Amino acid sequence: SASRPKMSQDERDFLGRRSRLSACSTGKRVSPTTRDLLWFVKLAEHGPLPSSFLLAFAKDSHKSDKRAKERLTDLFNEDNTPHGGPYLIRPPQQFRTIDSRYNYLVYDLAPAALKALVDQNGGEASKPVRSGPWLHSFMVSCITASIELGCLERENLSYIPQSRILARAGAQLRYPTRIADPATGYEFAKDLIPDAIFGLEYHKNGGSKYRFFAVEADRATEPATSTNFNRKSFERHLRQYREYVERGRYRTHLKLTAPMLVLNVTNDQQRMATMLKLTNRHYPDGCNYQLFHCWEDFGPVFRMPLPNRLLLRYLKYPTTIFQNEDPGLK
């Protein structure tokens, strides 16, 4: 195709640098490489991620992080592509932080990248659709991507993404639960929508073992308890997951035979203490499926995170072999 005009000087800052916020093409021709497509797949699976995560997913593809970051810059800026536009966007919300110029840049998929994935794999391509504030969705993306990166470092462990679980079950993330108001005994129908789900396959002699997880990212934007039972709270969360996990609703919903646990990741130590106190009140003898972790990078003073491989330590090995009838999950 015809080359595009180069940028004019007024499209750069006073140091001659391109804007980090707005794409600005030089006319350079960019076609997706194998590494680019890997990045697109991970963004489609997890959602927006910092460049530190993307470089970790493709660490064996390059010797220079600087060159890999320059490639991400091209994928953001250059619109002279086979798929009609730049492949990546930089969500503007990331720049609402202290010293944002010195942070890792966060990338997400542009429509052209979804077209490239369709061309590569056939069928449809999509990315997670999450409600709520962008920072909450970004936190969920970093949680699941951190766990997958941890799995990639271990030969005896494989990550099972949400898309495969839902596709196999022919299900959506939303599931209706019925819970009783403790004050009145009146039953409510409330949809349970985990922030994400994923599975782990543990490779052992004699067979594989599986565990599945619902992810709940908590930034202390909802009350721990509420006298209005219609309002979402952590206490209502406990009651809904009691219905979903203890009564095996997830088995019907997701067509699973292996156990499910709930990974709660909050951004404040005091908030986690409150959540643990409430959990102990509801489960005086202990609860073996509610897990808790604090990741303070997502606190009131937001810091761009690096992959958090500590998360994988909280997901302990199962003690029983759970065979899954569907070899597609192996």
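**Values and definitions**

Tutor: The structure holds zero disulfides, a disulfide being a pair of cysteine sulfur atoms within 2.5 Å. The model is predicted, so local features need pLDDT of at least 70 and side-chain atom pairs count only at pLDDT 80 or more, while totals for chains, interfaces and linings use all residues. Residues are numbered from 1 along each chain as its sequence is written, and side-chain values use heavy atoms, with hydrogens and water left out.

Student: Why is Cys142 called buried?
Tutor: Buried means under 20% relative accessible area, exposed over 50% and partly exposed in between, with a 1.4 Å probe and protein chains only. Cys142 has 0% relative accessibility and therefore counts as buried. Cys151, at 2%, also counts as buried.

Student: What makes Glu78 buried or exposed?
Tutor: Its relative accessibility is 1%, so Glu78 counts as buried. Glu78 lies in the loop between helix H3 (65-77) and strand S2 (88-89); helices (H or I, at least four residues) and strands (E, at least two) are DSSP runs, numbered from the N terminus.

Student: Which backbone nitrogen does the side chain of Glu78 reach at 3.4 Å?
Tutor: That of Gly27. A polar contact is a pair of N or O atoms within 3.5 Å; within protein, one must be able to donate a hydrogen and the other to accept it, and residues adjacent in sequence count only if both atoms are side-chain atoms. The backbone nitrogen of Lys28 lies 3.5 Å from a polar atom of the Glu78 side chain.

Student: How do you know whether Asp195 is buried or exposed?
Tutor: At 14% relative accessibility, Asp195 falls in the buried class. Asp195 is placed in the loop between strand S6 (187-192) and S7, and its side chain reaches the backbone nitrogen of Ala217 at 2.8 Å.

Student: With which residues is Asp195 in contact, leaving aside its neighbours within four places in sequence?
Tutor: Contact means heavy atoms within 4.5 Å. The partners of Asp195 beyond those neighbours include Arg130, His136, Leu173 and Glu216.

Student: What makes the lining of the largest cavity nonpolar, polar or charged?
Tutor: Ala, Val, Leu, Ile, Met, Phe, Trp, Tyr, Cys and Pro count as nonpolar, Asp, Glu, Lys and Arg as charged, and the others, Gly among them, as polar. The lining consists of Glu45, His46, Arg130, Thr144, Tyr159, Gln162, Ala196 and Ile197, which divide into three nonpolar, three polar and two charged.

Key. 1 Å grid on protein atoms, 1.4 Å probe; cavity = no way out; pocket = protein on both sides within 12 Å on 5 of 7 lines; lining within 4 Å.
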